[in-house]
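The sequence and structure are shown first.

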Amino acid sequence: MINLTKENFKQEVLDYKGAVIIDCWANWCGRCKMIKPKFEELSQQRSDYKFCTLDVDKEQEIASDLNILNLPTFIIVKDGKEASRGGFEVLNNL
């Protein structure tokens, strides 16, 4: 699992040829902590996705650019373009 930062976001997400799922979370978010084990489990089961996390408090500029309004938010990016986003239902639809 890759922790996204402003230093690696372009390389790991925008320039990546394939599918990426980003877990946008914050340490103070109870729902984020609740879903984290499922996200980690999926990362072990689904080799067709690159799994990344984005701490919205540490990476506020990226979170703002992504227009993160609710937590947790999961974003699927395919070949550098956003394909879908949402809450828990995004994980259930993988």
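## R85 and its partner

R85 is partly exposed, its relative accessible area being 33%. Here buried means under 20% relative accessible area, exposed means over 50%, and partly exposed lies in between (1.4 Å probe, protein chains only). R85 is joined to E82 by a salt bridge, with 2.9 Å between the closest N and O atoms. A salt bridge is taken as a side-chain nitrogen of Lys or Arg within 4 Å of a carboxyl oxygen of Asp or Glu. E82 has a relative accessibility of 44% and so counts as partly exposed.

## Basis of the values

This is a predicted model, in which local features need pLDDT of at least 70 and side-chain atom pairs count only at pLDDT 80 or more, while totals for chains, interfaces and linings use all residues. Residues are numbered from 1 along each chain as its sequence is written, and side-chain values use heavy atoms, with hydrogens and water left out.

## Other salt bridges

The structure holds four salt bridges. One of them links the side chains of R46 and D48, at an N to O distance of 2.7 Å. R46 is partly exposed because its relative accessibility is 22%. D48 is also partly exposed, with a relative accessible area of 43%.

Another salt bridge is formed by the side chains of D15 and K10, at 2.9 Å from N to O. D15 has a relative accessible area of 42%, which places D15 in the partly exposed class.

## The disulfide

A disulfide is defined as a pair of cysteine sulfur atoms within 2.5 Å. The count under this rule is one disulfide. C29 and C32 form the bond, with an S to S distance of 2.5 Å. Both of these cysteines, C29 and C32, are buried.

What is the handedness of the disulfide between C29 and C32? The torsion about the S-S bond is about 80°, so the disulfide is right-handed.

C24 is buried, with 0% relative accessible area.

C52 is likewise in no disulfide, and the nearest cysteine sulfur, which belongs to C24, is 10 Å away. C52 counts as buried because its relative accessibility is 0%.
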